[in-house]
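Hi,

Here is the structure I promised to pass on. Please open it first, then read my notes below.

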Amino acid sequence: MQTKRLVEKDAPLKKDDLIVITGAGGFIAGNLAKYFLKQGFTRIRAVDKKPLYEWYLRSPGVESLCLDVSQEKNCRRVCEGAVEVYNLAADMGGMGFIERFRIECLRSILINTHMIEAACRAGARRYFFSSSACAYNTTLQQDPNVRALKESDAYPAMAERGYGWEKLMSEMFCQEYWAERGMKTFIARFHNVYGPHGTWDGGREKAPAALCRKVIAALDAGQKEIMVWGDGTATRSFMFIDDCVKGIDMITHCDELIATPINLGSSELVSVNELLSKIEKIAGTKLKRNYDLTAPRGVAGRNSDNTFIKQILGWEPNTPLDQGLAATYKWIKEQYEKRKQGKRVVE
Ligand code: NAD
């Protein structure tokens, strides 16, 4: 993005500077809070509208607030004293959710609108926004053998209805808060993220978690068949959660990336059929596949072009899918078994 602003160097983040993370009862932000805690940061404020007992991860030592950040007054409270703000709160889910609940997805515009203003007023030095590959032009994603998407492919704009447009508009807020108000903003376009401590059932889960759960449930019930959404040929790349939180940290502390959307995703492209085969291998089974052609399936193919991130950060998400899936499968199996025994399934 063209900007006339001079980038002033700010002081390095101190371990007792206040870091605010929204959406922290959910998957990525919960893992992000844990990541910063591990890095030795002592003042982390985690926020989510979900009741605390529903959070996937609650790290001791992290201030956990149950607040709705689509409301302006709550955003002011949340951002008080913040040095860095990571806004990951959004009403979202996998294809089953974002194709069906486009209005809910669009409404997340309120979250970023109020959070970025509150962060700016509070004098936060850095503001991170979690955008999505759904912001990319959908006409470029109509073939499973897709060309990987590079950052400039968001324009001319034809984002995913609802969810994708909200992300694109919120990206624009981030760019203008830098251009007009001088707050350093950072925008990552995540490509499917998966891993432990995320949604694995209930309708908002994404393909890796949904397929793990279906395989586990089939084995448990002694069934030999599985229902797959779509025809199995759609392709995607999947980024392991550890790469995602590391990438968020690197992006937010790189001044070259101010107000500049960047892909944060794996470039290991697989079809849904290949993804399922990998999960079956982990589970030690082979199931007959039935395809539900009426189910939501999204674009035909999508992959992350990592040329830019490699050039700027000298790094890209690199956890092999087999390795990340093994950890995810293990965690979902534990949750499944706990639930069966009537135990609580979140920590
Ligand atoms: P998630 O659903 O697990 O977490 C989002 C959290 O935000 C939820 O816990 C939800 O309760 C909370 N939230 C929603 N509205 C809120 C509000 N008004 N006030 C406070 N909290 C609110 O989702 P996630 O996978 O952790 O995604 C985090 C961010 O990353 C989102 O912005 C999402 O759009 C983006 N993203 C995720 C993926 C992915 O593959 N998981 C891909 C692209 C982008």
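C105 is buried, with 0% relative accessible area; buried means under 20% relative accessible area, exposed over 50% and partly exposed in between, using a 1.4 Å probe and protein chains only. You will find C105 in helix α4, residues 102–107. Helices are DSSP runs (H or I, at least four residues), numbered from the N terminus. Leaving aside residues up to four places away in sequence, C105 touches D91, F97, I98, G162, Y163 and E166. Touching, or contact, means heavy atoms within 4.5 Å. C105 and S266 are 161 residues apart in sequence, and their C-alpha atoms are 24 Å apart in space.

A word on the source. This is a predicted model, in which local features need pLDDT of at least 70 and side-chain atom pairs count only at pLDDT 80 or more, while totals for chains, interfaces and linings use all residues. Residues are numbered from 1 along each chain as its sequence is written, and side-chain values use heavy atoms, with hydrogens and water left out.

Next, T328. This residue lies in helix α11, residues 321–340. T328 counts as buried because its relative accessibility is 1%. Its side chain reaches the backbone oxygen of G324 at 2.7 Å. Beyond residues up to four places away in sequence, T328 touches Y194, G195, P196 and F240.

Now the domains. Domain 1 covers 19–194 + 239–264, and domain 2 covers 207–236 + 269–304 + 320–340. These bounds come from an automatic or database domain assignment. Taken over C-alpha atoms, the two domain centres are 26 Å apart.

How many residues of each domain are in contact with the other? The count is 19 residues of domain 1 and 21 residues of domain 2. Together the domains bury about 1600 Å², with 63% of it on carbon and sulfur atoms. Buried area is the accessible area (1.4 Å probe) that two parts lose on being put together, summed over both. In domain 1, Q141, P144 and Y194 lose the most area to domain 2, together 36% of what that side buries.

There is 1 salt bridge between the domains. A salt bridge is a side-chain nitrogen of Lys or Arg within 4 Å of a carboxyl oxygen of Asp or Glu. E160 forms a salt bridge with R302, and their closest N and O atoms are 3.2 Å apart.

Have a look and send me your questions.

Best wishes

How values were computed
Helix = DSSP H or I, 4+ residues; strand = E, 2+ residues; numbered from the N terminus. Polar contact = N/O pair within 3.5 Å; in protein donor to acceptor, adjacent residues only side chain to side chain.
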